Amino acid sequence: IDTSLSMLQTFSTHLPSDPHNLTWALHGITPASPAAFASGEPMLSPSATSPEGEHRKVSPPRAQFDVAIANLVVHHVDDLPSFFTGLLGLVKTGGWIVITEFGLEEGAEDPRLSVPLKEGKVRTVTRTEHGHSSQSAERQKDEHGSVNSAGHFHPAFTVASITELFTKYGLVDVHAEIRGRLPLFEDKDKYPLNLIARGRKP
């Protein structure tokens, strides 16, 4: 699932010709998500081949899952309590939440802050709960209302701050580590660290 229509359309172009065991939907995680999944409420499922404005809909394949993976998502989330409440409700008891995030060594500067912006773009860095000071600016949404744009994010997490976040929302057996770097920018010296964290729903 994703909150960006264009991201899901791009995702659909990388699927096998018969993705019979894959579903995707335009949906933002909130405390209402578990009830929506349990009810089987159809959700928009954008495809690159769908006619403009005629996106198909799919019902969630199940109410709860064994594992939920959020890949480079959390740094875009403004309402972390609502996000984690919804996410925990979609995971079975004993199930796992796994995230990958931009990592940061304690005391280091987030390398994304020094990456040049394309003309007309605005960088927005939001103060968050996990203890890092940050700059702030006017938020910028895309044409679909999503803030998942290159210029809107929260400061990167350290191992300690992501562990604290997972623990705060009730996850146990929490483990986080820095593993390699993410080749996201032209300047290799600015490649951000890759942070991987997991926690189990008790």
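Q: What does "buried" mean here?
A: A residue is buried when its relative accessible area is under 20%. The model is predicted, and the values below are computed from it.

Q: Which residues of helix α1 are buried, and why are they said to line one face?
A: Helix α1 covers residues 5–12, and Leu5, Leu8 and Ser12 are buried in it. Viewed down the axis of α1, the buried residues fall within an arc of 65 degrees, so they line one face of the helix.

Q: Why is Glu101 called buried?
A: Buried means under 20% relative accessible area. Glu101 has 0% relative accessibility, so it counts as buried. The residue is found in strand β4.

Q: What does Glu101 touch?
A: Contact means heavy atoms within 4.5 Å. Leaving out residues up to four places away in sequence, Glu101 touches Leu72, Val73, Val74, His75, Phe157, Leu182, Leu193, Asn194 and Leu195.

Q: How do you know that β4 and β8 pair?
A: Two strands pair if there are at least two bridges between them. Strand β4 (residues 91–103) and strand β8 (residues 193–200) are joined by eight bridges, so by the cut-off of at least two they pair. The two strands run antiparallel. Within this pairing, Gly103 has Leu193 of β8 as its bridge partner, and Val98 stands opposite Arg198 in β8.

Q: What is the strand order of the open sheet, and which strands stand at its edges?
A: Four strands form the open sheet, in the order β3-β4-β8-β7, with mixed pairing. Strands β3 and β7 each have a single partner strand, so one side of each is left without a neighbour in the sheet and they stand at the edges. From one strand to the next, the twist averages 15 degrees.

Q: Which strands does α4 touch in packing on the sheet?
A: Helix α4 touches β4, β7 and β8, and its direction makes about 150 degrees with that of β7. Helix α3 lies across β3 and β4, running at about 135 degrees to β4.

Q: What makes a group of residues a nonpolar core, and which members touch the most others in the largest one?
A: Members must be buried, of a listed nonpolar type, and joined through side-chain atoms within 4.5 Å. The largest nonpolar core has 27 residues, of which Ile97, Ile99, Ile162, Leu165 and Phe166 touch the most other members. Two or more residues come from each of α2 (33–39), β3 (65–71), α3 (80–89), β4, α4 (159–168) and β8. Helix α3 gives the largest share, five residues.

Q: What does Phe166 touch?
A: Not counting residues up to four places away in sequence, Phe166 touches Phe84, Ile97, Ile99, Leu171, Val174, Ala197, Arg198 and Gly199.

Q: How much of the protein is buried, and how many helices and strands does it have?
A: Buried residues make up 40% of the 202 residues. The protein has four helices and eight strands, in the sequence pattern α-α-β-β-β-α-β-β-β-α-β-β.

Definitions and conventions:
Residues numbered from 1 in each chain as written. Predicted model: local features only at pLDDT ≥ 70, side-chain atom pairs only at ≥ 80, totals over all residues. Heavy atoms only, no water. Buried < 20%, exposed > 50% of the residue type's maximum accessible area, 1.4 Å probe, protein only. Arc of directions from axis to C-beta. Axes fitted to C-alpha atoms, helices over the stretch in contact; angles between N-to-C directions.
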